[in-house]
Amino acid sequence: MERIIVQNLLRYLHQHGLISTQQHGFLMRKSTTTNLLETLNDWSLASDSKDGVTIAYIDFTKTFDSVSHTELYHKLQGYGISGNVLAVCLGTILFVIYINDIVSMFDQCCVCKLYTDDLKLYMRMSVAGCAHTFQKCIDSLTF
């Protein structure tokens with residue numbers, strides 16, 4: 001039953017454009033491979049332009065256990081999800097939804113790739129001040 005609910009929930013999120021294109025975990029046609037291929041392409045383009053790339057890997061595993069249920073409930077309601085589906089324990093997919101909007105925190109120069117509870121944040125170092133901007137992106141992650 002949980003699998004059916006998750007499939008319908010994901011279908012709903014995709015149909016309404018609510019799931020980030022940067023999320024690669026537990027989504028149809030997305031995987032660790034698609035995450036790596038997109039990243040490799042970005043890094044190769046930077047290398048071809050003789051730009052450096054600064055990267056931060058963040059694992060939210062411990063965060064998964066301390067999600068604010070009230071905040072999650074409000075996010076789900078904001079996505080139009082309510083009723084009995086909120087009473088079912090959906091585990092990982094709820095965390096995917098919980099951190100889904102994290103990509104909106106960054107401007108175009110900071111790229112964010114998600115895979116379930118892992119975040120890869122990177123930025124091309126092409127102009128002066130990029131390191132400071134990248135640090136500000138990392139600092140904004142405290143939530």
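Guide: Let us begin with a term: contact means heavy atoms within 4.5 Å. Helices (H or I, at least four residues) and strands (E, at least two) are DSSP runs, numbered from the N terminus. Please keep in mind that this is a predicted model, in which local features need pLDDT of at least 70 and side-chain atom pairs count only at pLDDT 80 or more, while totals for chains, interfaces and linings use all residues. Residues are numbered from 1 along each chain as its sequence is written, and side-chain values use heavy atoms, with hydrogens and water left out.

Visitor: OK, which residues of H4 meet H5?
Guide: On the H4 side they are Glu71, Leu72, Lys75 and Leu76, and on the H5 side they meet Leu94, Ile97 and Tyr98. By class, this contact has five nonpolar, no polar and two charged residues, where Ala, Val, Leu, Ile, Met, Phe, Trp, Tyr, Cys and Pro count as nonpolar, Asp, Glu, Lys and Arg as charged, and the others, Gly among them, as polar.

Visitor: And at what angle do H4 and H5 pack?
Guide: Helix H4 (residues 69-78) and helix H5 (residues 92-99) pack at about 75°, and their axes are 10 Å apart. The axes are lines fitted to C-alpha atoms, for helices over the stretch in contact, and angles run from 0 to 180 degrees between N-to-C directions. H4 and H5 are therefore roughly perpendicular to each other, since angles of 65 to 115 degrees are given that name, while those under 35 count as roughly parallel, those over 145 as roughly antiparallel and the rest as oblique.

Visitor: What about phenylalanine 95, buried or exposed?
Guide: Phenylalanine 95, which lies in helix H5, is buried, with a relative accessible area of 2%. Here buried means under 20% relative accessible area, exposed over 50%, and partly exposed in between (1.4 Å probe, protein chains only). The C-alpha atoms of phenylalanine 95 and phenylalanine 60 are separated by 9.7 Å, although these residues are 35 apart along the chain.

Visitor: New topic: how many salt bridges are there?
Guide: A search of the whole structure finds three, a salt bridge being a side-chain nitrogen of Lys or Arg within 4 Å of a carboxyl oxygen of Asp or Glu. One of them joins the side chains of lysine 113 and glutamate 38, at 2.5 Å from N to O. Lysine 113 is in strand S2 (residues 110-115) and glutamate 38 in helix H2 (residues 32-48), so this pair ties together parts that are 75 residues apart in sequence. Lysine 113 is buried at 5% relative accessible area, whereas glutamate 38, at 28%, counts as partly exposed.

Visitor: Which residue does arginine 124 pair with?
Guide: Arginine 124 forms a salt bridge with aspartate 51, and their closest N and O atoms are 3.0 Å apart. This links distant parts of the chain, with arginine 124 in strand S3 (residues 118-125) and aspartate 51 in the loop between H2 and strand S1 (52-59), 73 residues apart.

Visitor: And what does lysine 75 meet in a salt bridge?
Guide: The side chain of lysine 75 meets that of aspartate 101, at 2.9 Å from N to O. Lysine 75 lies in helix H4 and aspartate 101 in the loop between H5 and S2, so they tie together parts 26 residues apart in sequence. Lysine 75 counts as buried at 18% relative accessibility, while aspartate 101 is partly exposed at 34%.

Visitor: What does threonine 39 touch?
Guide: Leaving out residues up to four places away in sequence, threonine 39 touches Lys113, Lys120 and Tyr122. Threonine 39 belongs to helix H2 and is buried, with a relative accessible area of 2%.

Visitor: How many aromatic pairs are there?
Guide: The count comes to two aromatic pairs, under the rule that rings of Phe, Tyr and Trp (its six-membered ring) pair if their centres lie within 6.5 Å, with planes under 30 degrees apart counted as stacked, over 60 as edge-to-face and the rest as tilted. Among them, tryptophan 43 and tyrosine 122 form an edge-to-face pair, 5.5 Å centre to centre with 80° between the planes. Tryptophan 43 is in helix H2 and tyrosine 122 in strand S3, 79 residues apart.
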